[in-house]
Every structure is written in structure tokens, then in C-alpha cells.
Amino acid sequence: MGRTWYPIINEERCVQCGQCIKLCVEGGHFAYDPQLAPRPVVTRPGNCVDFCHGCGDLCPKGAITYNGDKTGWKPPHLT
Ligand code: SF4
Ligand code: SF4
């Protein structure tokens with residue numbers, strides 16, 4: 001489980017489509033609070049999986065980066 005690795009949402013880019021929350025919930029991790037969907041709020045950062053880029057790869061607006069990410073990954077779909 002991630003301690004220092006968790007998603008950071010760029011609120012200015014986010015269009016609150018909810019896809020990141022759906023993906024994470026379906027994966028059983030619940031880093032985002034599903035009750036606040038479609039607004040992505042990371043209420044359980046410790047549930048995030050180290051080095052997972054699942055939600056960031058999916059985000060259509062490139063609104064997600066990761067605390068502690070030194071992998072060189074960059075958000076796709078930056079518009
Ligand atoms: S997938 Fe991206 S645009 Fe959609 S709610 Fe999540 S952060 Fe916002
Ligand atoms: S990186 Fe993976 S585990 Fe972490 S919030 Fe996104 S989908 Fe969930």
C-alpha cells in the first residue's frame with residue numbers, strides 16, 4: 001500500500017468525469033471516496049498502490065499526477 005505515493009488532482013484541469021474514481025473502486029482500492037463522485041477526492045491515500053498509474057493513464061484531461069513519482073511518467077491526454 002502506498003504511503004507516499006498517491007494521486008494529486010489538478011482541480012483546474014479536472015472536469016469531474018469520475019472515471020478515475022470508477023477505475024480505482026473497480027480495482028478494489030478506494031483511494032478516492034466514491035460517495036463524493038464524480039468529484040475526485042483522495043480520502044484514503046494509503047490505499048493507493050505504489051507505482052500504479054491507472055487513474056492517471058485514464059484521465060482524459062491529464063489532471064492527475066502522483067506524489068513521490070520519480071519514474072519520469074507524464075500524464076497522457078494533456079489538452
Ligand atoms: S479522470 Fe481526470 S477529469 Fe475525470 S474526474 Fe478524474 S481527475 Fe477529473
Ligand atoms: S494510482 Fe491506482 S490505486 Fe492509486 S488512486 Fe489511481 S487507480 Fe487507484
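**View 1. The shell around ligand 1, sorted by residue class.** In this predicted model, the shell around ligand 1 holds 12 nonpolar residues, 3 polar ones and 1 charged one. Here Ala, Val, Leu, Ile, Met, Phe, Trp, Tyr, Cys and Pro count as nonpolar, Asp, Glu, Lys and Arg as charged, and the others, Gly among them, as polar. Of the 16 residues around ligand 1, the nearest are C14, C17, C20, C59 and A63. A residue is taken as near a molecule or strand if its C-beta atom, placed from the backbone, lies within 6 Å of it.

**View 2. The shell around ligand 2.** Turn now to ligand 2, which is surrounded by P7, L23, C24, G27, H29, A31, C48, V49, C52, G54 and C55. By class, this shell has 8 nonpolar residues, 3 polar ones and no charged ones. Two helices take part: α1 (19–26) and α2 (54–58) each give the shell at least two residues. Helices (H or I, at least four residues) and strands (E, at least two) are DSSP runs, numbered from the N terminus.

View 3. Look for the cis peptide bond between A37 and P38, where omega is about 10°. P38 sits in the loop between α1 and α2. F51 is also found in the loop between α1 and α2, and F51 has a positive phi of about 70° although it is not a glycine. F51 is exposed, with 12 other C-beta atoms within 10 Å. For such counts, C-beta atoms are placed from the backbone, and a residue is buried if 20 or more others lie within 10 Å of its own, exposed if 12 or fewer, and partly exposed in between.

**View 4. H77, in the segment after β2 (64–67)**. H77 is a residue other than glycine with a positive phi, near 65°. It is partly exposed, with 14 other C-beta atoms within 10 Å.

**View 5. The setting for the close-ups.** The protein has 2 helices and 2 strands, and from the N terminus on its elements run β-α-α-β. Its radius of gyration, taken over C-alpha atoms, is 11 Å, close to the 12 Å that the globule rule (2.2 Å times the number of residues to the power 0.38) gives for 79 residues, so the protein is as compact as a globular protein of that length. Buried residues make up 22% of the 79 residues.

**Notes.** Residues are numbered from 1 along each chain as its sequence is written, while chains are lettered from A and ligands numbered from 1 in the order in which they are written. As this is a predicted model, local features need pLDDT of at least 70 and side-chain atom pairs count only at pLDDT 80 or more, whereas totals for chains, interfaces and linings use all residues.
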